[in-house]
Amino acid sequence: MDSFTFTLPTGPATVLFHGGISVPALPASGGIYVADRNTEPLLRAASGFSPAAPLVVLEPGEAHKNLKSVERVLEAALGSGLARDSLFVGVGGGVVCDMTAFAASLYMRGAPVDLVPTTLLAMADAAIGGKTGVDFGSYKNCVGSFHPARQIHVAVASLRTLPEVEYRSGLAEVLKTALLYAPKLYQIMSERRDEILERDEALLLEVIKRCVQAKARVVERDFREAGERMFLNLGHTFGHALETVAGLGTVTHGDAVAWGIARALALGERLGVTDPAYRAEVVPVIASYGWSVDPVHPALAGQADVAARLLEAMKNDKKKRAGRVRFVLQREINSTVVQEVEDADVIKVLG
Ligand SMILES: NC(=O)c1ccc[n+]([C@@H]2O[C@H](COP(=O)([O-])OP(=O)(O)OC[C@H]3O[C@@H](n4cnc5c(N)ncnc54)[C@H](O)[C@@H]3O)[C@@H](O)[C@H]2O)c1
């Protein structure tokens with residue numbers, strides 16, 4: 001087994017890479033497992049699982065990422081008499097990881113949490129860095145806390161049962177990380193697409209390790225998202241707007257982010273920020289994974305006022321400042337800036 005430790009203001013965090021799915025041993029003061037209906041079988045089959053410990057099985061999916069679910073976890077923890085030093089263990093995708101860590105941060109003002117991510121997105125991104133939370137009202141992740149996992153247990157083998165659509169969604173975030181921080185990872189994505197799409201486990205392990213290291217370095221430098229951590233929103237301003245305008249659930253998050261990255265490159269080139277040769281290199285790689293790089297995403301083709309509606313959605317996004325939208329743009333790989341952009345320039349790259 002391999003491991004990697006990084007240091008956050010709250011203390012060290014260790015990512016452990018296991019051959020088969022494995023959960024941490026519970027301390028003498030006990031613990032609680034949290035999974036969803038799809039990840040419960042993985043938890044029950046995991047090495048180290050204690051059947052006697054309390055287990056909360058949530059309904060899967062973003063629709064259940066709310067305070068009600070967190071309350072269920074807290075009720076079960078209290079009902080089982082857990083102490084402040086009992087361990088919360090989340091086994092699942094980003095939704096379960098974010099909520100388990102949030103519940104742990106609230107329990108007795110902060111109990112320890114370990115995460116066992118089971119989606120590519122959660123392994124490469126969501127389980128690393130301590131952002132926890134739930135959706136509230138119509139806003140994603142707007143109630144939450146910073147409460148990092150002490151240990152993150154990764155087993156690539158757990159991705160075998162992950163539905164294709166979820167796997168591809170995670171890959172878009174891997175591409176984002178590669179472009180922001182990891183030229184070698186980008187090279188792997190551009191040259192070894194077939195093995196990646198076939199989920200070659202040795203290669204995936206390398207891909208995930210590179211993502212984990214890149215994300216860990218960012219959160220070490222900017223734990224509370226005061227600056228650089230914002231770069232992780234590359235492709236997301238366009239992507240969220242597409243998800244909203246197309247109707248939530250119509251376009252997957254990953255498809256939207258990949259399309260958004262292509263739009264951000266077009267916008268950067270238009271503004272003289274992005275090297276045209278860089279965009280010309282990256283766009284075909286995005287397309288080779290089957291993601292749209294068209295100015296008008298196929299989900300919106302033929303609809304009226306697409307650009308204006310997308311711009312409106314961006315302006316309603318919580319990241320706006322003083323009416324103008326801020327974009328993460330790239331000069332080239334590993335060279336990123338955040339800047340406000342005039343509406344007219346945004347409109348120009350949307351059709
Ligand atoms: N905290 C952070 O820094 C951070 C970063 C990025 C994303 N996120 C959050 O992550 C969430 C998205 O995470 P996600 O994409 O993992 O979605 P998810 O947690 O909803 O999982 C996707 C689906 O796959 C199922 N699933 C999970 N693992 C499985 C497996 N191994 N086999 C079969 N089915 C499995 C789940 O039950 C679910 O139905 C969003 O809520 C987002 O806000 C958080």
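This is a predicted model: local features need pLDDT of at least 70, side-chain atom pairs count only at pLDDT 80 or more; totals for chains, interfaces and linings use all residues.
Residues are numbered from 1 along each chain as its sequence is written.

**Exercise 1.** Find the buried residues of helix 12 and say where they sit around the axis.

Step 1. Go to helix 12, residues 306-316. Helices are DSSP runs of H or I with at least four residues, strands are runs of E with at least two, and both are numbered from the N terminus.
Step 2. Pick out the buried residues (under 20% relative accessible area, 1.4 Å probe, protein chains only). They are Val-306, Ala-307, Leu-310, Leu-311, Ala-313 and Met-314.
Step 3. These residues cover an arc of only 160 degrees around the axis, so they lie on the same side of helix 12. The arc is taken from the directions from the helix axis to the C-beta atoms.
Step 4. Their packing partners are helix 9 (236-246), helix 10 (253-270), strand 10 (325-332) and helix 13 (343-348). Contact means heavy atoms within 4.5 Å.

**Exercise 2.** Locate the largest nonpolar core.

Step 1. A nonpolar core joins buried Ala, Val, Leu, Ile, Met, Phe, Trp, Tyr and Cys residues through side-chain atoms within 4.5 Å.
Step 2. Of its 110 residues, Phe-88, Phe-238, Leu-310 and Met-314 touch the most other members.
Step 3. Domain 1 (2-164) and domain 2 (166-348) both contribute residues, so this core lies between them. The bounds come from an automatic or database domain assignment.

Technical notes: Side-chain values use heavy atoms; hydrogens and water are left out. Buried means under 20% relative accessible area, exposed over 50%, partly exposed in between (1.4 Å probe, protein chains only).
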